[in-house]
Amino acid sequence: MKKNIILLSLIVLGVTACYKDKGNYDYKEINEITISGIEAVYAGMTGVDKLQIEPTITMTMSNGDPERFSYLWIVIKGTSVIDTIGTEAALDYAINLPPDNYSLHFRVLDQTTGVVWKTRTNFNVATPYSRGWMLMGEDENGNAEIEMLSMVVDTAHVKGVLSQSGLPVLKTPIGVVHTGGSASYMKLWVMTGSGTYQLDRLSMRGAASNRFGRLVYTTDPINKDGLDPILIAPQIRDIGGAVSSTSNRAMLCSDGNIFATYLGLNGDFYTNPINREATKMNVMLKAAPYMLYPIGSMNSMVWYDTDNDRFMNYSSFLLNTSSVAMKDNPGDIFPWNQAGTGRKLVYAENTRNTDGGSTNGNSFAVLKDNSNQAFIYKFYANGAAPGKRSFYTVKPMATDFDKATFYAFSSRRTVVFYVANNKLYAYDYNTGNEKIYQFPDIDAGEITMLKFDTQVDQLTNALYVATYNAQTKGTLRRYIVGSDPNVVALTPGVSWSGLLKVKNMNWRAVN
C-alpha cells in the first residue's frame, strides 16, 4: 500500500514538472496610461468657486476612439464616497459640497482592456465665511449690514451677508463675533441696536428665534426676550482662532447685565447675572460696555459699575455667582473706586501690552473728571487681585482728547490714537516725553472706526482705520505704527475700498 502511494506521488510530480518545462505563457501588451498635471492640493469655496482641472493623460497605445475610455471624478471623505462630480477627462465643477477636507479621486477606465488607472489629490472645501475679517457697519440705506474680506484662498469681498441672512432689517450696528475656541461651543453672533441674533456658521443664515435669551435660565425677574449681548469675551487672540480660555465665556448685554459660564461644566448656557455683590444679591449693578481681561489668558475679568463709578472684579467663572468691589490702599497710583475723584469711565480696552510683567496683556481705561480733565489707567485685570501698572494725566497738548469719539491703544508703544472732530491724532503719554501727532491725510471722508490688531498679528503693531465717503464708499486701511521711540509714523499697508460704512471688525479663523 505504501508503495502505491509513493508511485502516485511521483507520477503527479512528473506531470507538474513536464507542464512547467513547456514555458507556454501567452503575454499580451496592454494600453498603459499615465496621469499627470494634477496638483497635490486644491481648495475652494462652496457656492462661490469652480474647481477646474485638466489632467495630462498619456497612453502607450490608442485607436483614437474616444468611446473607449470613461472617466470618473469621485469625492471621498475617509472611506465614504460623498459624490461623483465629473464624468469627463477635464473637470469643471461648481463647488457645492459641505465645508470639509476631502480626497478627490480621478479614475480612467480603458473599456477595451477593462483596466482602471487612477490617481488622487486633496480637496479642501470652505465657505466664503470660513476665514477672514468680518466687517460690521451700515449700508447705503443706513441699515445694519455685514461684509467679509474672505481670505480662504485669495482675498474676496463678500457683500450683503446680513441682508441675505433671513433676519428682519436691523439698525444701529454694533459688532459681529465668531467666538472661536472649542468646536462644541463655537457660535457666531450679530449684535445691533435692534437686537442680537445667532447666525448659522456655515450658511450665515439666521432666525428671529435664535436669541440669547433661550440660553439663559435665571431665577431673577429678568425679561429674557430683552437680553441682547453687545460684547462677548474672550475674543479670538491669534490667526488660527485660539481664544484666551476655552472654558470661560461672558456675555455683556445692552441692559448692563453680565452673564458668565464655565463651558466645561454648564455648556453654553447661563444662569443669573454676575453684576452684583454677594452681600446684596437682589441689587443689579449696571455695567459699562467693557469687559477687561488679559487677552492671552482670561481666568477672571474686571468690569465697571456705572451706578457707583467703580471697577469690579469677577475672579472665578467656575465658582462665583457675584463680583467683588476691589479695595484701594493709601499711596496707590489710582483708585479702583472713583468716589471722591469725580472721575467717570469714558473708554476701556484690552491690549497685548506687557509692561510691569503683565504676561498676558494689560488693559487701559480713559476717565474724565468734572472739568473734562482726562486720565489714563493701565492695569493687569488678572486673578482675584488685579495689578495697577501706571497712571497718566493727559496733558493739554493732546488736542481735543476729551472730545474724542474713538480711541485705540497700541500694545507696543506708549501711544493712544484717537479721533476728534474727524481728525486722527496720536498721543504719546510716556511721562516726561509726551508728544502729540496729527495725521491730516488719511481721507477726505468720515473716519468711522479705529482699531489695533490684537487678533491676527499683534507683533506688527498694525492699526486699522476705516473711512467713508460718497465716491469710494467705505475704505479700510492697515497702517504699521513705526518703532522709533522719538516719533510716531504710520506706514501704509494694504487697503480695501467699496465697502460698507465700517463700524467694527473681528477675525474669523474657521467654520
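Author: Before we start, one working definition: two residues are in contact when they have heavy atoms within 4.5 Å. And keep in mind that this is a predicted model.

Reader: Fine. Which residues does Glu-140 touch, leaving aside those up to four places away in sequence?

Author: Tyr-468 and Lys-473. With Lys-473 there is also a polar contact, side chain to side chain, at 3.2 Å.

Reader: Where is Glu-140 found, and is it buried or exposed?

Author: Look in the loop between strand 10 (132-138) and strand 11 (144-150). Exposed means over 50% relative accessible area, and Glu-140 counts as exposed at 60%.

Reader: How do I read the hairpin around that loop?

Author: Start from the general idea: strands of a sheet pair through backbone hydrogen bonds, either parallel or antiparallel. Here strand 10 and strand 11 are antiparallel partners over 7 bridges, with Trp-133 having Leu-149 in strand 11 as its bridge partner. There are 5 residues between the two strands of the hairpin, and Gly-142 takes a positive phi near 80°.

Reader: Which other strand is joined to strand 10 by 7 bridges?

Author: Strand 34 (residues 501-508), again running antiparallel. Met-134 stands opposite Asn-506 there. As for burial, 6 of the 7 residues of strand 10 are buried, so this strand is largely enclosed by the rest of the structure.

Reader: How many bridges pair strand 32 with strand 33?

Author: Strand 32 (residues 473-481) pairs with strand 33 over 6 bridges, in the antiparallel sense. In that region, Arg-477 stands opposite Ser-495 of strand 33.

Reader: With which side chain does Arg-477 make a polar contact?

Author: That of Thr-467, at 3.1 Å. Thr-467 is found in strand 31 (residues 462-469).

Reader: Is Thr-467 buried or exposed?

Author: Buried means under 20% relative accessible area, and Thr-467 has 0%, so it is buried. Leaving out residues up to four places away in sequence, Thr-467 touches several residues, including Ile-442, Ile-447, Thr-475 and Lys-473.

Definitions and conventions: Residues are numbered from 1 along each chain as its sequence is written. This is a predicted model: local features need pLDDT of at least 70, side-chain atom pairs count only at pLDDT 80 or more; totals for chains, interfaces and linings use all residues. Side-chain values use heavy atoms; hydrogens and water are left out. Two strands pair if DSSP finds at least two bridges between them. Helices (H or I, at least four residues) and strands (E, at least two) are DSSP runs, numbered from the N terminus. Buried means under 20% relative accessible area, exposed over 50%, partly exposed in between (1.4 Å probe, protein chains only). A polar contact is a pair of N or O atoms within 3.5 Å; within protein, one must be able to donate a hydrogen and the other to accept it, and residues adjacent in sequence count only if both atoms are side-chain atoms.
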